[in-house]
Amino acid sequence: MLLTISTTATPATDLGFLLHKHPDRVQEFSQSFGTARVFYPEADESRCTAALMLEVDPVALVRSRGRNSPDFSLGQYVNDRPYAASSLLAVALGDVFRTARAGRCNARPELAEGALPLEIAIPALPCRGGPDLARRLFEPLGWECEALAVPLDENFPEWGDSRYVSLRLRGSLRLADALNHLYVLLPVLDDGKHYWIAPDEVDKLIRAGEGWLAAHPERTLITRRYLGRRRALERTAFARLAEVGDETEEALEPRIEEEKERSVPLNTLRREAVVRTLEELGAASVIDLGCGSGQLIGALLAVPRFARITGVDVSTLALTIAARKLRLERMPDAKRARLTLFQGALTYTDPRFSGYDAAVLMEVVEHVDPPRLAALERVVFGQARPVHVIVTTPNSEYNVHYEFLTGMRHPDHRFEWTREEFTAWATATAQLYGYRVAFTPIGEEDPEHGAPTQMGVFTRDH
């Protein structure tokens, strides 16, 4: 199996820093099913290519698949896995490029944060759904996708195409994002994994899908295939995505006739609670600080009383997704005139944050490192000083109700507060900056653990 990653950024050899693999060496990494090697077929100032080649040990592969495999009886004799990219390559990629996938590069941190011109090639990729599915999965992520069906036999064209495609991707993305796209989507396209799918696969999916999976138009297909259609794991994943404000209504639809009732996703309840509160406060201008893919903004645009709406996010990719989901290019002029989107960091003073009736931090504060929380407080409450600030955040006491959840609800959460901790933080912040605060639970309340989401509504003392 072979995967190549190329860039023409200058100097192109900086790719070695990002991948943490030196261009002048061939490096080997043992896997339970074979050996992965990383080498550079070309490496100069103008173009650099890193290759990941996976050599599969057929005996180890048979042992790793086990008798639960649907093709076990013939698998040890007839098997495409030693030759075609699949979950094996995804596992090797995840292991070999672990640090690069996390977006870390101590030697050149600015490189890890920026987009690079990238070209990725995989000559043989199992794709149950053909070239069209490959395009449907990669193009919404900003890739130019060239997927060509591989014929069964070039000498006998009448036999038609095989289930393999030759894939080539081109785009300008962060390398970490590109690697995480591959880590998730290679086994999704194959629609098969060589190993037992355990509950920790949900954590892997949420972590690798951060910032793109929730807004993907094929998120339901991706989630279900990645988790091997194990319904308990699917529901856990959809609930976890809903926790961070992602759109999962479609994914939460019941799949068996016995499930008559359909619960309202927590992200919908949260969004409705925020909009309702803003209406009750009489706000006409609202800034959504950490707007993500723009779901709250879409809800605000549907209410005419909100005459001025602004979305801010530190991620330019999130803003691009928000613009696409909001259909900004086709939005009527009157509605478009009410909306502004811009990139900004909430821990740095920005005069554009000022002048609003209300600011919303919906599922944002828990993504801020605790030492940086004071900076966010100063920027929002001390400098921007809207009349009202609405803050929602998970109630960590409620986490016991989430099956298979280990740790926090999202891998990017820096902390999660109990009700007492949130009350203490909100009260202290309000007193420091001249606000008063009231608290409202969101979601179905448990007598012992409270509601899944807690909301604080701050009002400035005049």
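User: Before we get going, how are the helix axes and angles defined here?

Analyst: Axes are lines fitted to C-alpha atoms, for helices over the stretch in contact, and angles run from 0 to 180 degrees between N-to-C directions. Keep in mind that this is a predicted model.

User: Thanks! At what angle do α8 and α10 pack?

Analyst: The angle between α8 and helix α10 (residues 219-226) is about 80 degrees, and their axes are 9 Å apart. Angles of 65 to 115 degrees count as roughly perpendicular, and α8 and α10 are therefore roughly perpendicular to each other.

User: Which residues meet there?

Analyst: From α8 you have Tyr183, Val184, Leu185, Pro187, Val188 and Leu189, and they meet Leu221, Ile222, Arg225 and Tyr226 in α10. By class, that contact of α8 with α10 has nine nonpolar residues, no polar ones and one charged.

User: And how do α7 and α8 cross?

Analyst: Helix α7 (residues 130-138) and helix α8 (residues 175-190) have axes that come within 11 Å and cross at roughly 155 degrees. That makes α7 roughly antiparallel to α8. The crossing of α7 and α8 is right-handed.

User: What's in that contact?

Analyst: Leu133, Ala134, Leu137 and Phe138 of α7 meet Leu182, Leu185, Val188 and Leu189 of α8. Sorted by class, the contact of α7 with α8 has eight nonpolar residues, with no polar and no charged ones.

User: Switching to charges: how many salt bridges are there?

Analyst: The count comes to 23 salt bridges.

User: What does Glu55 pair with?

Analyst: Glu55 forms a salt bridge with Arg37, and their closest N and O atoms are 2.9 Å apart. Glu55 lies in strand β4 (residues 48-56) and Arg37 in strand β3 (residues 34-43), so the pair ties together parts that are 18 residues apart in sequence. Glu55 is partly exposed, with a relative accessible area of 47%.

User: Which salt bridge links distant parts of the chain?

Analyst: One of them joins the side chains of Glu218 and Arg136, at 3.1 Å from N to O. Glu218 is in the loop between α9 (200-208) and α10, while Arg136 is in helix α7, 82 residues apart. Arg136 counts as partly exposed, at 33% relative accessibility.

Key. Residues numbered from 1 in each chain as written. Predicted model: local features only at pLDDT ≥ 70, side-chain atom pairs only at ≥ 80, totals over all residues. Heavy atoms only, no water. Helix = DSSP H or I, 4+ residues; strand = E, 2+ residues; numbered from the N terminus. Parallel < 35°, antiparallel > 145°, perpendicular 65-115°, else oblique. Left-handed = near helix turned anticlockwise from the far one by under 90°. Contact = heavy atoms within 4.5 Å. Nonpolar A, V, L, I, M, F, W, Y, C, P; charged D, E, K, R; others polar. Salt bridge = Lys/Arg side-chain N within 4 Å of Asp/Glu carboxyl O. Buried < 20%, exposed > 50% of the residue type's maximum accessible area, 1.4 Å probe, protein only.
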